[in-house]
Amino acid sequence: MVLLDQTRLPGEVVEVRLAAWPQVVGAIRRMVVRGAPAIGVAGAMGVALAARQDAGSSSDDQRAEIRRAAAALRDARPTAANLAWAVDRLAGEAAAHPGPPEALAGALAGAARAVHADEVRRCEVMGAHAGALITRGARVMTHCNAGALATGGYGTALGAVRSAFAADPSLRVVVPETRPLLQGARLTAWELEREGIPYTLIADVTAAALMADGRVSHVVVGADRIARNGDVVNKIGTYAHALAAREHGVPFIVVAPTTTLDLTMPSAAEVPIEERAADEVRDLALFGRPATPEGAPVTNPAFDRTPARLVAAIVTEAGVHRPPYDRSLAAAVAAQEDPAT
Ligand code: MRU
């Protein structure tokens, strides 16, 4: 499989080729690929690679390797619902497939490609639904990177921006840098430049002041996991934006596919929050010098929890959901599991 190495952007556009599933686990952990739907797609491809690697061995050996790969890929990052969803989907297809190793490898390759195509299609549909919520002359603030890079194509929150910008070229985007790994500064800014969508980069700490000054009309973000009650788990800093948006009467809109919904979680309280390495926070230089004392104690949660009461709308491929969220999110998941409903 081929990935665009997101750790090298925006300076270098470099592709990496991965031939074995343990490399996929490493790429997800190191955030060569990141963003909830994109790591789901990568996880699915990883399971398919495991099947292909062992297609020349006995059926039992191949199936044992698929199970090992699925367990490791599922655990590579704990918060995004999409990773577990996609890996479980491929593992389920493997378990149900009666065929010999070559046939199973082919079937899983096809299933992984379908996971990718479906995520991009969901983004395009969501983008149209959410784009319609963005009024003319909007100043849309997003957070982190919820664009094509995070989804395998088009984007969730940035998909909404793309769709709204196509209808109204006066739209402008506010991009918080998103400390500590700067997905806003490195990735969202890069994507918006390529799309020709005007944006302003800000330090994360500037967001509330811009809202107070009336310079943000909508906050539109993606999600890593959404609980049954509509609580949203997303990149650290999202909760602070939601609090500020509520204070200043700015609609806070979440755009995510149904593969990000986790109905097994009654609320976000139970969602595991990934704690990442201290060096991600300490690894900072200013005026040509380290900006923190060596070994400064750090806490570095990668995500936070935004309560449903702060969320004006959740947009999935099924449409626009308004509070209370539980029934309508459950119906969206049911419709995606059984398109006839
Ligand atoms: O740690 P990351 O960069 O994988 O976090 C990504 C985010 O928090 C995104 O906002 C989220 O995955 C939605 S992406 C469509």
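Q: Where is M31, to start with?
A: M31 is in the loop between α1 (21-29) and α2; helices (H or I, at least four residues) and strands (E, at least two) are DSSP runs numbered from the N terminus. This is a predicted model, with residues numbered from 1 along each chain as its sequence is written. Local features need pLDDT of at least 70, side-chain atom pairs need 80 or more, and totals for chains, interfaces and linings use all residues, while side-chain values use heavy atoms, leaving out hydrogens and water.

Q: What is the phi of M31?
A: Positive, about 65 degrees, although M31 is not a glycine. Most residues other than glycine have a negative phi.

Q: And which bond joins R179 and P180?
A: A cis peptide bond, with omega about 0 degrees. P180 belongs to the loop between β4 (172-176) and α8 (183-195).

Q: What about P323 to P324?
A: That peptide bond is cis too, with omega near -5 degrees. You'll find P324 in the loop between β15 (319-321) and α12 (326-337).

Q: Switching to the ligand: which residues come nearest?
A: R34, R77, D224, N234 and K235, of the 19 residues around the ligand (a heavy atom within 4 Å).

Q: How far is R34 from an oxygen atom of the ligand?
A: A polar side-chain atom of R34 is 2.6 Å from that oxygen. For D224, a polar side-chain atom lies 2.8 Å from a ligand oxygen, and a polar backbone atom of G35 is 2.9 Å from one; polar contacts here are N or O pairs within 3.5 Å.

Q: How much of the ligand does the protein cover?
A: 99% of the 420 Å² of accessible area that the ligand has on its own (Shrake-Rupley, 1.4 Å probe).

Conventions
Polar contact = N/O pair within 3.5 Å; in protein donor to acceptor, adjacent residues only side chain to side chain.
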